[in-house]
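This report is written for a reader who has the sequence and the coordinates open alongside the text. Please look over both before reading on.

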Amino acid sequence: MASKVIHAYYNDDDVLMHAVKKIKEAKHHIEEVYCPFPVHGLDKAMGLAPTRIAITSFMYGCLGLAVAIAMMDYIMIDDWPQDIGGKPSFSYIENMPAFVPIMFELTVFFAAHLMVITFYLRSRLWPFKKAENPDVRTTDDHFVMEIEIHDNEKELRNLLLDTGAVEISIADKNDH
Amino acid sequence: MYTFSSRLKIASIVMMIVGALGLGYGFITMPTSVEEAKAMVASHDDGHGGSHGEGTHANTDSHGEHDASHDEHLLHQLQNKPWAALYVAAFFFFMIALGTLAFYAVQRASQAGWSPLLFRVMEGISAYLVPGGIIVFVILVLSVMHMNHLFVWMDADVVAHDKLLQGKAGYLDPVFFLIRAAIFLGGWILYREYSRKLSIKQDESNDNSSFKLNFKISAAFLVFYLISESMMSWDWIMSVDPHWFSTLFGWYVFASMFVSGITVIAMVTIYLKSKNYLPDVNDSHIHDLAKFMFGISIFWTYLWFSQFMLIWYSNIPEEVTYFVTRIEDYKLPFFGMVVMNFVFPFLILMNSDYKRINWFVIMAGIVILAGHYVDIFNMIMPATVGDQWYIGIPEIGAILFFAGFFIFWVFRALGTVPLQPKRNPFIEESRHFHY
């Protein structure tokens with residue numbers, strides 16, 4: 001049995017924020033909120049867990065630093081320690097200042113790019129992905145709150161109209 | 001309204017007395033003759049110090065003459081020790097007040113919405129600019145009067161035998177040097193006092209004219225400050241090594257004073273908040289200050305490394321001696337300060353949650369301040385005392401004396417006016433600041 005969801009439309013982010021708080025108070029589970037732009041504090045109001053993407057970025061940065069050190073230690077010190085312009089290639093530490101720019105750049109490169117790729121994977125974004133917004137207006141000037149229906153359509157409809165919804169519709173749940 | 005707690009007052013006075021005794025001890029035990037200096041070094045390390053002079057140079061013809069000049073050099077280094085300890089600590093605490101003033105001017109000129117709540121704290125810290133600046137100026141005057149050998153170019157005898165110093169004599173002229181110092185200090189103190197006056201006047205006025213005027217003079221001050229600070233760093237710090245020069249030195253000193261100033265703002269704010277004197281300051285304000293501590297620490301490291309790496313890489317003899325002496329004789333302080341000023345705050349203050357925890361910020365602040373003391377120490381000591389450096393009684397005494405004086409003066413100034421500005425146009429935004 002395909003479950004149904006109720007879509008409540010709002011046209012103001014302040015009204016939306018109040019609506020989210022009211023719905024949470026009434027102990028309904030909000031499946032999703034579609035917004036045309038980031039609404040400050042919406043994640044807190046919905047009770048979403050904070051992102052851990054900064055932690056992954058830190059780990060990717062450490063990885064980049066390790067790659068840079070291992071690469072240059074192997075190439076410049078171990079494999080072929082040439083005398084290039086009198087630089088001391090006897091040990092990594094002795095010639096380290098010359099390697100720092102690359103160590104820095106690779107740290108930033110790994111931290112930035114792998115974090116972005118992690119973001120794409122976690123939020124399921126790729127070039128030929130089918131768009132998921134329930135209504136094209138959610139990319140322009142409307143906000144849509146999606147709540148699953150469990151034989152309580154009438155009650156939900158009244159509650160949502162109470163919170164200032166400008167339009168309400170019922171749709172099949174979009175399983176993605 | 002803040003009242004200077006009597007416990008803090010007594011603590012600061014005790015620090016001043018103990019510090020003054022330590023400094024006095026340094027001056028009393030300063031050697032007055034070559035024989036005394038040799039005896040001091042011999043009693044301290046007869047291991048390597050003795051064998052150096054006698055072993056390697058024993059058979060050369062110029063032995064006697066060389067040894068005599070070497071001994072006199074040693075005497076000057078030992079005589080410089082208490083002076084350099086005094087100068088480093090005096091400059092360090094003065095620099096905190098000046099860095100705070102620069103941060104304050106930036107906040108005013110950028111019309112920051114979060115910081116007006118902290119303006120009185122910054123004004124209180126920059127109050128130290130007046131006595132601190134006068135003390136530094138007096139030390140410079142005493143140097144010009146040949147009371148010490150901190151600045152070797154002030155010695156006419158040395159300049160007479162030194163082509164390089166003769167070439168720089170137009171700029172490194174004792175009278176011109178003092179005139180420049182007076183202009184810098186005069187400009188900074190003038191801005192500080194005038195801006196403070198306008199800031200207090202704004203509280204009682206009916207319009208925003210004082211605020212607007214303060215905005216304009218802050219922007220003008222920043223222009224003056226950037227030029228004067230750069231020249232000040234050449235005059236007061238770089239000229240102890242008059243043969244050496246570096247173009248980014250002014251920014252490097254600036255980064256050091258800026259991060260120290262911001263750190264002290266954060267620490268004083270946390271202290272006052274813990275005593276319930278700043279009820280409207282929330283952890284977002286602390287978070288912002290900690291972000292600045294984090295960011296400017298990295299900026300300092302960037303400049304430190306840029307200066308070091310460019311000179312290390314090209315290895316031009318006349319430039320590289322600066323770092324050769326530091327790495328040979330100051331290995332631990334030279335590299336230790338990079339750990340204290342970069343690695344430690346970088347790892348501690350990276351996490352957004354940690355930046356809101358007061359004791360974390362205080363702990364990072366103590367390490368950053370100690371690290372920047374060592375930074376100034378590394379700038380002054382190698383040229384003045386050379387390998388005779390030691391963080392002993394005169395150095396710690398000087399730190400204690402100026403720390404006590406700094407605390408005494410700053411908290412006395414904090415107690416003179418209400419800690420929260422009343423009619424600043426951004427005060428409401430600042431009170432509700434949330435990040």
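The sections below take up the contact between the chains, the nonpolar cores, the salt bridges and some individual residues.

## Basis of the values

This is a predicted model, in which local features need pLDDT of at least 70 and side-chain atom pairs count only at pLDDT 80 or more, whereas totals for chains, interfaces and linings use all residues. Residues are numbered from 1 along each chain as its sequence is written, chains are lettered from A and ligands numbered from 1 in the order in which they are written, and side-chain values use heavy atoms, with hydrogens and water left out.

## The contact between chain A and chain B

Nine residues of chain A and seven residues of chain B take part in the contact, where contact means heavy atoms within 4.5 Å. Together the two chains bury about 660 Å², and 81% of this lies on carbon and sulfur atoms; buried area is the accessible area (1.4 Å probe) that two parts lose on being put together, summed over both. Of the area that chain B buries against chain A, 64% is supplied by F305(B), W312(B) and Y313(B), more than by any other three residues.

Helix α12 (residues 283-314) of chain B gives the largest share of the side of chain B that touches chain A, namely five residues; helices (H or I, at least four residues) and strands (E, at least two) are DSSP runs, numbered from the N terminus. By class, that side of chain B has seven nonpolar residues, no polar and no charged ones, with Ala, Val, Leu, Ile, Met, Phe, Trp, Tyr, Cys and Pro counted as nonpolar, Asp, Glu, Lys and Arg as charged, and the others, Gly among them, as polar. Between chain B and chain A the count of salt bridges is zero.

## Nonpolar cores

The largest nonpolar core has 143 residues, and W188(B) and W236(B) are those with the most contacts inside it. Helix α4 (residues 63-109) of chain B contributes the largest share of this core, 21 residues. A nonpolar core is a set of buried Ala, Val, Leu, Ile, Met, Phe, Trp, Tyr and Cys residues joined through side-chain atoms within 4.5 Å, and buried means under 20% relative accessible area, exposed over 50%, and partly exposed in between (1.4 Å probe, protein chains only).

Leaving aside residues up to four places away in sequence, the residues that W188(B) touches include F94(B), L98(B), L101(B), F221(B), F224(B), E229(B) and W236(B). A second, separate core of 22 residues has A8(A), L42(A), M46(A) and F143(A) among its members.

## Salt bridges

Side chains of opposite charge can pair when their charged atoms come close. Over all chains the count comes to 19 salt bridges, each being a side-chain nitrogen of Lys or Arg within 4 Å of a carboxyl oxygen of Asp or Glu. In chain A, E153(A) forms one with R157(A), with the closest N and O atoms 3.4 Å apart; because these residues are four apart in helix α5 (residues 153-162) of chain A, about one helical turn separates them. E153(A) is partly exposed at 35% relative accessibility, and R157(A) is partly exposed at 31%.

In chain B, the closest N and O atoms of the salt bridge between E123(B) and R108(B) are 3.9 Å apart. This pair links distant parts of the chain, with E123(B) in helix α5 (residues 119-126) of chain B and R108(B) in helix α4 of chain B, 15 residues apart, and both E123(B) and R108(B) are buried. A network of salt bridges links R108(B), R120(B), E123(B), R196(B) and D203(B). D283(B) forms a salt bridge with R356(B), the closest N and O atoms being 3.4 Å apart; D283(B) lies in helix α12 of chain B and R356(B) in the loop between α14 (331-348) and α15 (358-384) of chain B, so the pair ties together parts that are 73 residues apart in sequence.

## Individual residues in chain A

Most residues other than glycine have a negative phi, and most peptide bonds are trans. K27(A), which is not a glycine, has a positive phi of about 65°; K27(A) is placed in the loop between α1 (13-25) and β2 (30-34) of chain A and is exposed, at 75% relative accessibility. D151(A), also not a glycine, has a positive phi of about 55° and is found in the loop between β3 (143-148) and α5 of chain A, where D151(A) counts as exposed at 82% relative accessibility.
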